[in-house]
Amino acid sequence: MTFSWHARAGRHRVDKVLVAGIETVVGGNLAAGFSENSLVTGISLKESIQITGINLESRIPSTPETVRQLIERVNPDRVVFCGNTSRSCWGEEASVDESDLEQVKSWIAAASQVGSQFTLISSDASFTGPWMFHSENGHSLCSSTSGLTVRNIEETALRECPNALILRTNAFGWQPGGRPGWIESLMASLERCGDTHLDCIRHATPILASDLVGIIVAAWANGLSGIYHACGAERVNPLQFASRLARQFNLPIPKTSKMESLVEPAIGFGCGETSLQTCKIRRALEVSMPMLDEGLKRLFQQQNNGHQDRVIGRNTVPLVRVA
């Protein structure tokens with residue numbers, strides 16, 4: 001039986017949620033989704049972003065002290081951190097460095113000081129081949145600098161905040177702010193000619209970003225902490241993903257690229273096998289993970305049900321500015 005994300009999310013109410021990183025696909029879609037049942041404050045960690053229906057912090061905290069001041073003022077029940085580790089490794093901006101580690105440390109320390117539960121959205125690109133469907137304690141680890149830093153960030157979160165919830169994922173969805181993201185650029189390429197130059201080597205288990213809302217709320221309600229994998233039920237490569245996307249949106253099917261084969265293991269952050277096993281979270285929440293076509297159908301529906309408008313700041317819902 002397929003888990004009804006939105007129905008399950010509606011059963012539990014989280015009073016105050018602070019989402020850091022609303023300029024990311026995951027952060028923006030989570031903020032819009034949480035706002036249906038919670039009081040949400042959003043903060044961008046980079047460029048200014050407008051998301052309707054939530055409180056918006058206009059100043060980007062750049063030091064540990066300004067992060068502490070922000071969290072003390074908002075006093076959230078939960079802090080959801082969606083930094084560069086939340087970005088899909090299939091996107092163009094996927095990289096993580098030491099500055100991300102230092103940034104996360106500031107947010108963990110501030111959340112701990114006010115007693116806010118800390119949730120970190122992390123990356124499937126911590127893993128690589130040859131194994132597929134990696135478990136939480138899998139050993140096929142990516143040796144790239146970004147891969148090592150992702151693991152350092154996770155270890156820091158668990159060490160400094162023992163009740164932290166860490167979700168590894170690979171999420172797709174509408175880009176906040178209205179500028180083209182990976183999905184928008186891919187759809188534009190498909191509409192033009194179907195020549196997307198996508199490979200068949202990388203494999204992941206992608207999930208619609210808004211589907212993470214129900215998973216996270218259910219995880220909070222059940223008091224989960226530690227590392228869990230939260231992703232889709234199907235393992236696909238970028239070309240297969242684009243073909244399914246094209247069918248859902250009635251776009252030209254991408255041209256089949258020349259068949260590729262690996263002579264040596266793929267090297268680089270997100271360049272190999274990053275598919276995740278989800279047994280641990282499925283057992284904990286007694287749910288099934290969504291199939292890819294289910295997520296793509298919801299992505300299509302979000303063009304008309306108001307979700308995309310909220311994410312890109314196009315709605316007419318008045319904004320509440322937090323001083």
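This report describes selected side-chain pairings in a predicted model.

## Basis

The model is predicted, so local features need pLDDT of at least 70 and side-chain atom pairs count only at pLDDT 80 or more, while totals for chains, interfaces and linings use all residues. Residues are numbered from 1 along each chain as its sequence is written, and side-chain values use heavy atoms, with hydrogens and water left out.

## Arg 168

Arg 168 sits in strand β6, residues 165-169. Helices (H or I, at least four residues) and strands (E, at least two) are DSSP runs, numbered from the N terminus. Arg 168 has a relative accessible area of 5% and is therefore buried. Buried means under 20% relative accessible area, exposed over 50%, and partly exposed in between (1.4 Å probe, protein chains only).

The side chain of Arg 168 makes a polar contact with that of His 229, at 3.0 Å. A polar contact is a pair of N or O atoms within 3.5 Å; within protein, one must be able to donate a hydrogen and the other to accept it, and residues adjacent in sequence count only if both atoms are side-chain atoms. Apart from neighbours within four places in sequence, the residues in contact with Arg 168 include Glu 136, Glu 154, Tyr 228 and Leu 276. Contact means heavy atoms within 4.5 Å.

## Aromatic rings

Rings of Phe, Tyr and Trp (its six-membered ring) pair if their centres lie within 6.5 Å; planes under 30 degrees apart count as stacked, over 60 as edge-to-face and the rest as tilted. The count by this rule is nine aromatic pairs. The rings of Phe 249 and Phe 300 are edge-to-face, because their planes are at 75 degrees, with centres 5.2 Å apart. Phe 249 lies in the loop between α8 (238-248) and α9 (279-285) and Phe 300 in helix α10 (residues 292-301), so this pair ties together parts 51 residues apart in sequence.

Phe 249 is buried at 9% relative accessibility, and Phe 300 is partly exposed at 32%. Ring pairs also link Trp 90, Phe 172, Trp 182 and Phe 241 into a cluster.

## Salt bridges

Side chains of opposite charge can pair when their charged atoms come close. A salt bridge is a side-chain nitrogen of Lys or Arg within 4 Å of a carboxyl oxygen of Asp or Glu. The whole structure has 13 salt bridges. One of them joins Arg 298 and Asp 211 (2.8 Å, N to O). Arg 298 lies in helix α10 and Asp 211 in helix α7 (residues 211-221), so the pair ties together parts 87 residues apart in sequence. Asp 211 is buried, at 0%.
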